[in-house]
Amino acid sequence: GHESAAIAAPALEWFLAEGATGPFFDLFLLFANPNPTAAQVRVTYLLEDGRTFSREITVTANSRQNIWVDEEEAFARGAGPGELGVSTRVQVLNGVPIIVERAMWWPGDFPQWYEAHNSPGSTVTGTLWGLAEGAALGAPSFTSCYILVANPSSQDANVEVTLLFEGLAPVTRTFTVGRTSRKTIDVGFEFPEALGREFGALVESKPVGAEPPAQIAVERAIYNNALGAFWAAGNNALAT
């Protein structure tokens with residue numbers, strides 16, 4: 001099961017940094033339209049290699065709707081091998097604000113699911129994001145932490161990630177997130193200093209030459225094993 005905070009107000013644009021399709025994860029986009037008028041919505045998927053796929057949908061008045069992303073034509077016909085990381089940008093085209101969340105269930109297809117997580121989208125992009133929670137622990141939980149960065153802009157992003165520890169100096173690494181793309185940062189792999197520790201993180205998009213920093217959106221996912229089950233538990237959160 002999962003939970004996430006309710007959303008205080010609908011909006012015309014949403015950004016979802018996290019998402020994965022493939023044989024392990026099932027990915028759903030969730031739309032609620034609390035208005036008496038239908039919303040015309042463009043959904044754009046941002047892949048890790050910079051490719052994008054778009055489609056338009058109608059979210060009828062006073063209704064809820066979802067997209068099972070794994071079944072989208074572009075993904076079902078094989079947009080990439082194995083698990084495919086994807087970020088999503090949702091834009092309302094006719095001025096009717098909506099609410100957007102994303103849910104992921106695993107492993108495999110229903111009814112094999114034994115865990116899930118859910119997060120609301122962000123209604124803004126920014127250049128500095130914060131995460132208070134993070135862990136990259138060994139046995140027995142084998143906890144894995146991923147920082148997900150969406151770059152919906154038309155320029156590459158120079159992203160600086162700083163981990164904040166208890167009783168240890170901060171550690172910083174820099175990553176390039178290509179234009180109109182999503183990047184998965186495996187914290188335990190990219191930051192050996194984090195292994196066996198808990199941490200927070202700052203994620204900052206820095207200027208590139210004379211260009212201003214690219215606008216990004218950031219989320220964080222954590223998974224851990226339990227009772228012999230791979231990733232028996234997991235959670236996701238939108239960065240602040």
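**Close-up views of a predicted model**

Leucine 227 is found in the loop between β17 (217-226) and β18 (229-238). This predicted model is presented below in a series of close-up views.

**View 1. Leucine 227 and asparagine 62 are residues with positive phi in loops.** Phi of leucine 227 is near 50°, a positive value in a residue other than glycine. Leucine 227 counts as exposed because its relative accessibility is 91%. Asparagine 62, also not a glycine, has a positive phi of about 50°. The loop that holds asparagine 62 runs between β5 (52-59) and β6. With a relative accessible area of 58%, asparagine 62 is exposed. Most residues other than glycine have a negative phi, and most peptide bonds are trans.

View 2. Proline 111 belongs to the loop between β8 (99-106) and β9. Proline 140 is placed in the loop between β11 (135-136) and β12.

**View 3. Glutamate 115 is buried without a salt bridge.** This view shows glutamate 115 in strand β9, which spans residues 115-120. The nearest side chain of opposite charge belongs to arginine 220 and is 11 Å away. What lies 3.0 Å from a polar atom of the side chain of glutamate 115? It is the backbone nitrogen of glycine 234. Apart from neighbours within four places in sequence, glutamate 115 is in contact with Gly1, Met104, Trp105, Trp106, Trp231, Ala232, Ala233 and Gly234.

**View 4. Phenylalanine 28 and tryptophan 68 form a stacked aromatic pair.** A pair of aromatic rings is described by the distance of the centres and the angle of the planes. The model has a count of 17 aromatic pairs. In the pair of phenylalanine 28 and tryptophan 68, the centres are 5.5 Å apart and the angle between the planes is 25°. The pair links distant parts of the chain, with phenylalanine 28 in strand β3 (residues 26-33) and tryptophan 68 in strand β6 (residues 63-68), 40 residues apart. Phenylalanine 28 has 13% relative accessibility and therefore counts as buried, whereas tryptophan 68, at 31%, counts as partly exposed.

**View 5. Aromatic residues form a cluster, and arginine 197 sits over a ring.** Phe24, Phe25, Trp106, Tyr146, Tyr223, Phe230 and Trp231 make up one aromatic cluster. Trp106 and Trp231 of this cluster are also among the contacts of glutamate 115. The charged end of arginine 197 sits over the ring of phenylalanine 165, 6.0 Å from the ring centre.

**View 6. Threonine 88 is buried in strand β7.** Strand β7 comprises residues 84-92 and includes threonine 88. Threonine 88 has 3% relative accessibility and so counts as buried. Leaving aside neighbours within four places in sequence, the contacts of threonine 88 are Trp14, Phe15, Leu16, Leu29, Val43, Thr44 and Tyr45. Threonine 88 and threonine 52 are separated by 36 residues in sequence and by 9.4 Å in space, C-alpha to C-alpha.

**View 7. Arginine 89 and glutamate 13 meet in a salt bridge.** Side chains of opposite charge can pair when their charged atoms come close. The count for the model comes to 10 salt bridges. In the bridge between arginine 89 and glutamate 13, the N to O distance is 2.7 Å. Arginine 89 lies in strand β7 and glutamate 13 in strand β1 (residues 13-16), so the pair ties together parts that are 76 residues apart in sequence. Arginine 89 is partly exposed, with a relative accessible area of 24%; for glutamate 13, also partly exposed, the value is 24%.

**View 8. Further salt bridges involve arginine 179, lysine 206 and a network.** In the salt bridge of arginine 179 with aspartate 156, the closest N and O atoms are 3.3 Å apart. Arginine 179 is in the loop between β14 (171-177) and β15 (181-186), and aspartate 156 is in the loop between β12 (144-151) and β13 (157-165), so that distant parts of the chain, 23 residues apart, are linked. Arginine 179 is partly exposed at 46% relative accessibility, as is aspartate 156 at 34%. Lysine 206 bridges to glutamate 204, with the closest N and O atoms 3.9 Å apart. Lysine 206 is partly exposed, with a relative accessible area of 26%, and glutamate 204 is partly exposed at 27%.

How values were computed:
Residues numbered from 1 in each chain as written. Predicted model: local features only at pLDDT ≥ 70, side-chain atom pairs only at ≥ 80, totals over all residues. Heavy atoms only, no water. Helix = DSSP H or I, 4+ residues; strand = E, 2+ residues; numbered from the N terminus. Buried < 20%, exposed > 50% of the residue type's maximum accessible area, 1.4 Å probe, protein only. Lys, Arg positive; Asp, Glu negative; His and termini not counted. Salt bridge = Lys/Arg side-chain N within 4 Å of Asp/Glu carboxyl O. Polar contact = N/O pair within 3.5 Å; in protein donor to acceptor, adjacent residues only side chain to side chain. Contact = heavy atoms within 4.5 Å. Phe/Tyr/Trp six-rings, centres within 6.5 Å; stacked < 30°, edge-to-face > 60°. Lys NZ or Arg CZ within 6 Å of the ring centre and 35° of its normal.
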